[in-house]
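Subject: Structure for your review

Hello,

Here is the structure for you to look over. My notes follow it.

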Amino acid sequence: MDKEIRRTMPVFPMSIVQKLTGLSARQIRYYEQHQLIHPERTEGNRRMFSLNDVERLLEIKSLLDEGVNLAGIKHVLNMKPLENEHPSSRSEHPKKDLSNADVMKYLKTELIEAGKYGKSSLIQGELSRFFH
DNA sequence: TTTCTAACA
DNA sequence: TGTTAGGA
């Protein structure tokens, strides 16, 4: 009953999250602006991240390396809602899990669809070759 | 001293 | 994305 609260409990300040994720403060704040993470705030308006926020950021970092842009990352993250979010908005668990293969499959589909039409794809750069 | 927001020679 | 100004 408190395993979940542990993952969602705000415990890390910016400096720690930077070291843990290897991302810059600028990037972390930017991703928050784009709703990829929702760290809580202290009385002094300082961000406090939970373990889930950190894991989420690590996944964002991973997808970034694979050449997925923010729009794509949003989609992937939205496919696995349970992972984090606030304890407040949590009552029942719609339970779900997404394997890496599922994500790959999704990304590949995005790439193919983008090829059919114009150019716009959620996947950028040459890294998309991993899906060819 | 650390983090925050806003903005760009 | 980096970096910096100016404040808390």
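In these notes, contact means heavy atoms within 4.5 Å. The model is predicted.

Leaving aside neighbours within four places in sequence, phenylalanine 49 is in contact with Met9, Pro10, Val11, Phe12, Pro13, Met14, Val17, Ile28, Ile37, Pro39 and Leu57. Phe49 also belongs to the largest nonpolar core, which has 25 residues. The members that touch the most other members of that core are Ile28, Phe49, Leu57, Ile60 and Ile73. At least two core residues come from each of helix H2 (14-21), H3, helix H4 (51-65), helix H5 (70-79) and helix H6 (100-116). As background, nonpolar side chains in soluble globular proteins tend to be buried together.

Next, the DNA. Which residues are around DNA strand C? They are Ser24, Arg26, Gln27, Tyr31, Arg46 and Leu64. By class, the surface near DNA strand C has 2 nonpolar, 2 polar and 2 charged residues. Helix H3 (residues 25-33) gives the most to this surface, with 3 residues.

- Serine 24: a side-chain N or O atom is 2.6 Å from a phosphate oxygen.
- Glutamine 27: a polar side-chain atom lies 2.5 Å from a phosphate oxygen.
- Tyrosine 31: the distance from a polar side-chain atom to a phosphate oxygen is 2.8 Å.

Of the atoms of DNA strand C within 4 Å of the protein, sugar or phosphate accounts for 29%, and the rest belong to bases.

Regards

How values were computed
Residues numbered from 1 in each chain as written. Chains lettered and ligands numbered in written order. Predicted model: local features only at pLDDT ≥ 70, side-chain atom pairs only at ≥ 80, totals over all residues. Heavy atoms only, no water. Near = heavy atom within 4 Å. Polar contact = N/O pair within 3.5 Å; in protein donor to acceptor, adjacent residues only side chain to side chain. Helix = DSSP H or I, 4+ residues; strand = E, 2+ residues; numbered from the N terminus. Nonpolar A, V, L, I, M, F, W, Y, C, P; charged D, E, K, R; others polar. Core = buried A, V, L, I, M, F, W, Y, C linked by side-chain atoms within 4.5 Å. Buried < 20%, exposed > 50% of the residue type's maximum accessible area, 1.4 Å probe, protein only.
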